[in-house]
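Here are some notes for a colleague who is meeting this structure for the first time. They are set out as numbered points, to be read beside the sequence and the model.

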Amino acid sequence: MSFVAEFAKIPRDKLLLDLYSCTAQDVERALVSPAGDLRSLLALLSPAAEPYIETMAQRSAALTRQRFGANLGMYLPLYVSNLCANDCDYCGFSMSNKLKRKTLNELELMAEMAIIKDRGFDSVLLVSGEHETKVGIDYFKQMLPLVKQQFSHLAMEVQPMSEDHYRQLVALGLDAVMIYQETYQPETYARHHSRGKKMDFAYRLATPDRVAAAGVDKIGLGVLLGLDDWRLDALMMGYHLDYLERRYWRTRFSISLPRLRPCTGGITPKVMLSDLGLVQMICAFRLFNQQLDISMSTRESPELRDNLLPLGITQISAGSSTQPGGYQAPDSQLDQFEISDDRSVEQVIEQMQRQGFNPVFKDWEANWITG
Ligand code: SF4
């Protein structure tokens, strides 16, 4: 049993019609009881909610402050490899792209970690392309103990794995797995994923079940905004989150809302999501789920990131590189995508503090619950 069976029962065509036929009354009703209610989430994501974004933003900011205080979790991605055995037409790491390929060895990994530690981070997100043989379970079993010696919180955004492989990595200190469905529209998914194991929509959709069953503490969901109708994709992610929270109540969850960015050989977004649309989505999710971590990466511009901070964001990256070895020796030929916010960590922190936020560099310590 996984979300795949639940997903098959969701009437997506009807929900799409419902999204675009919502009324102001539906939105006002949703604002009365938005928490945990998928019909309310639908109304808050609909075009009819646009005149209510200011109200949603005020409530979202208050709820976020109530639950998370002034704290903002800081993390940094550490790209370990840009090898990939898939073709995704929106990503610079696609196997068909003529790109310099690199996988970090132990020494290179240590050098990258030293720089990240030196910048004050204690939470790291290991990222790689999806290449089972060269950057698969054996590679991560070799590298995780090294990473865990340096960082108290270890998250991964790599290829989907089996439950058994996740279990092996949990034993080595894995705390969190980010696994983005990209789009919940199977036909659109098929158009954008033309080669490799990632073509298997259902296997990816069932991955958070395997991650949770293996005992990973935190799971991150995400959709790549721009591939299809963002309102429907966001709503489907809400359904996925709702299913996972009911079934795996010990697990913590986060969401990411990346918009398509330019990259080598990449496509133009089919659907442009405006800044206001992004605000609407963040606030809709905060009203729907008050425990949820919402991440914001350096894909967005400095001005927008600063403005979004108070509205519902709880985790943020700063000073990121999107290439393997990029902290030690930047080489733009290795990038996954272009970043928009290229401020240093210090600059981002100064701005956060000016806005009254408290940057938190340590996310979690497993001993706090077992010791
Ligand atoms: S999105 Fe992931 S799987 Fe697709 S090409 Fe990029 S790194 Fe590979």
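1. In this predicted model, helix 7 has a kink of about 35° at Met 143, which lies shortly before the proline Pro 145. The helix runs over residues 137-150, and its 14 residues reach 20 Å from the first C-alpha to the last, close to the 20 Å expected at 1.5 Å a residue.

2. Which residues of helix 7 are buried? They include Phe 140, Leu 144 and Val 147. As background, an α-helix has 3.6 residues a turn, so residues three or four places apart point the same way.

3. Helix 4, formed by residues 38-45, is mostly covered, since six of its eight residues are buried. These buried positions are Ser 40, Leu 41, Leu 42, Ala 43, Leu 44 and Leu 45, and they pack against helix 2 (12-21), helix 3 (24-32), helix 5 (53-68), helix 12 (230-247) and helix 13 (275-288).

4. Glu 182 deserves a separate look, for this residue has a positive phi of about 75° although it is not a glycine. Most residues other than glycine have a negative phi. Glu 182 is found in the loop that runs between strand 5 (176-178) and helix 9 (186-192). Is Glu 182 buried or exposed? With 23 other C-beta atoms within 10 Å, Glu 182 is buried, because the cut-off for a buried residue is 20 or more such atoms.

5. Around the ligand stand Cys 84, Asn 86, Cys 88, Cys 91, Phe 93, Ser 94, Gly 129, Glu 130 and Lys 198. Sorted by class, this shell holds four nonpolar, three polar and two charged residues.

6. For the protein as a whole, the secondary structure comes to 16 helices and 11 strands. The radius of gyration is 20 Å, close to the 21 Å that the globule rule gives for 371 residues, so the protein is as compact as a globular protein of that length. Along its principal axes, the C-alpha trace spans about 60 × 45 × 45 Å.

7. Of the 371 residues, 46% count as buried.

How values were computed:
Residues are numbered from 1 along each chain as its sequence is written. This is a predicted model: local features need pLDDT of at least 70, side-chain atom pairs count only at pLDDT 80 or more; totals for chains, interfaces and linings use all residues. Helices (H or I, at least four residues) and strands (E, at least two) are DSSP runs, numbered from the N terminus. The expected span of a helix is 1.5 Å times one less than its number of residues. The bend at a residue is the angle between axes fitted to the seven residues ending there and the seven starting there. A residue is buried if 20 or more other C-beta atoms lie within 10 Å of its own, exposed if 12 or fewer, and partly exposed in between; C-beta atoms are placed from the backbone. The radius of gyration is taken over C-alpha atoms; the globule rule is 2.2 Å times the number of residues to the power 0.38. A residue is near a molecule or strand if its C-beta atom, placed from the backbone, lies within 6 Å of it. Ala, Val, Leu, Ile, Met, Phe, Trp, Tyr, Cys and Pro count as nonpolar, Asp, Glu, Lys and Arg as charged, and the others, Gly among them, as polar. Two residues are in contact if their C-beta atoms, placed from the backbone, lie within 7 Å.
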